[in-house]
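Trainee: I've got the sequence and the structure open side by side. Could you walk me through some of the details?

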Amino acid sequence: MSMTELTTRSPIAKVTNETFVERVVVGGERRREEFVREITWLLKSESQTLFMHGGKVIKEGSTYIDVAGFLESMNGPTTQSACDYYKIDRESSLELVVMTRIIHAPVRDSDETRAYNAAVSGNGFKKYLTVPPTWLREERINDQWTPFSLQDELVHEEVTWSSKWTEGEMMDRRAVFRGRWGQPLRIGVD
């Protein structure tokens, strides 16, 4: 079972113990075996440009992710060139927005990543392992065990820039957003 290593500056949001299942053959019989693993949930953001008209999304633009640190995705979208090209201003019926999503992303630690991360300074890049897609969770639906893999959890999404806002409104709203989400939510085992 190979795990892919990833490097990130994302802070830890929470640590949970998750129950996974594996189908194994023992003595010629197929059995459902459960196992529990500690999962670290990283706090990440992504920001996407959206073209809106009448409050509805008419076109999705590029999506930006945190590269330099948590909430840095908000600095990725280059909105001015799109506004100039489409002639979008505060009075236009066409609106360009940046939607920022806060996400909990599941990863795994190993002895090697723990040792590496312990030596990294607070803001440095840390290493984790991805959760293998073969680690399945199951839920009983209509008397059947239905498998699913562990996925990112959408925690919150909010417009963090709009072509309708003044520069002051944008700075105020982003400051409130950063203040609300700028720190890890909680650390501990659920």
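This is a predicted model: local features need pLDDT of at least 70, side-chain atom pairs count only at pLDDT 80 or more; totals for chains, interfaces and linings use all residues.

Trainee: How many aromatic pairs does the structure hold?

Mentor: There are five aromatic pairs in the structure. One of them joins F51 and Y86, again edge-to-face, with 5.2 Å from centre to centre and 70° between the planes. That pair links distant parts of the chain, since F51 belongs to strand β3 and Y86 to helix α1, 35 residues apart.

Trainee: Is F51 buried or exposed?

Mentor: F51 is buried, at a relative accessible area of 9%.

Trainee: Which residues do ring pairs link into a cluster?

Mentor: The cluster is made up of F20, F35 and W135, linked by ring pairs.

Trainee: What about lysines over ring faces, which rings are involved?

Mentor: K14 lies over the face of W41, 5.2 Å from the ring centre, and K127 lies over the face of Y116, at 4.4 Å from the ring centre.

Trainee: Back to α1, then. Which of its residues are buried?

Mentor: In helix α1, which runs over residues 79-86, the buried residues are T79, A82 and C83. They cover an arc of only 100° around the axis, which puts them on the same side of α1. The face turned away from that buried side carries the exposed residues Q80 and Y85.

Trainee: What covers the buried residues of α1?

Mentor: The cover includes the strands β3 (29-53), β5 (94-108) and β9 (153-162). Just after the helix, K87 takes a positive phi of about 55°.

Trainee: Where else does a residue other than glycine have a positive phi?

Mentor: N142 has a positive phi of about 50° although it is not a glycine, and D143, also not a glycine, has a phi near 60°. N142 lies in the loop between β7 (136-141) and β8 (144-149), and D143 has its place in the loop between β7 and β8 as well. As for accessibility, N142 counts as exposed at 72%, and D143 is exposed with a relative accessible area of 64%.

Trainee: Switching to α3, how long is it?

Mentor: Helix α3 covers residues 167-181, which is 15 residues, and reaches 21 Å from its first C-alpha to its last, close to the 21 Å expected at 1.5 Å a residue.

Trainee: Which residues of α3 are buried, and what do they pack against?

Mentor: M170, R174, F177 and W181 are the buried residues of α3. Seen down the helix axis, they fall within an arc of 60°, so they line one face of α3. They pack against β3, β5 and β9, while M171, D172, V176 and G179 are exposed on the other side of the helix.

Trainee: Let's look inside the strands. What does the side chain of T100 make a polar contact with?

Mentor: T100, which lies in strand β5, makes a side-chain polar contact with the side chain of S47 at 2.8 Å. T100 is buried, with a relative accessible area of 0%. Leaving out residues up to four places away in sequence, the residues that T100 touches include S45, S73, H156 and F177.

Trainee: You mentioned S45. Where is it found, and is it buried or exposed?

Mentor: S45 is found in strand β3 and counts as buried at 3% relative accessibility. Its side chain is joined to that of D66 by a polar contact of 2.6 Å, and it also makes a polar contact with the side chain of S73, at 2.8 Å.

Trainee: What else is S45 in contact with?

Mentor: Beyond its neighbours within four places in sequence, the contacts of S45 include Y64, F70, T100 and I102.

Conventions: Residues are numbered from 1 along each chain as its sequence is written. Side-chain values use heavy atoms; hydrogens and water are left out. Buried means under 20% relative accessible area, exposed over 50%, partly exposed in between (1.4 Å probe, protein chains only). Helices (H or I, at least four residues) and strands (E, at least two) are DSSP runs, numbered from the N terminus. The arc is that of the directions from the helix axis to the C-beta atoms. Contact means heavy atoms within 4.5 Å. A polar contact is a pair of N or O atoms within 3.5 Å; within protein, one must be able to donate a hydrogen and the other to accept it, and residues adjacent in sequence count only if both atoms are side-chain atoms. Rings of Phe, Tyr and Trp (its six-membered ring) pair if their centres lie within 6.5 Å; planes under 30 degrees apart count as stacked, over 60 as edge-to-face and the rest as tilted. A charge sits over a ring if NZ of Lys or CZ of Arg is within 6 Å of the ring centre and within 35 degrees of the ring normal. The expected span of a helix is 1.5 Å times one less than its number of residues.
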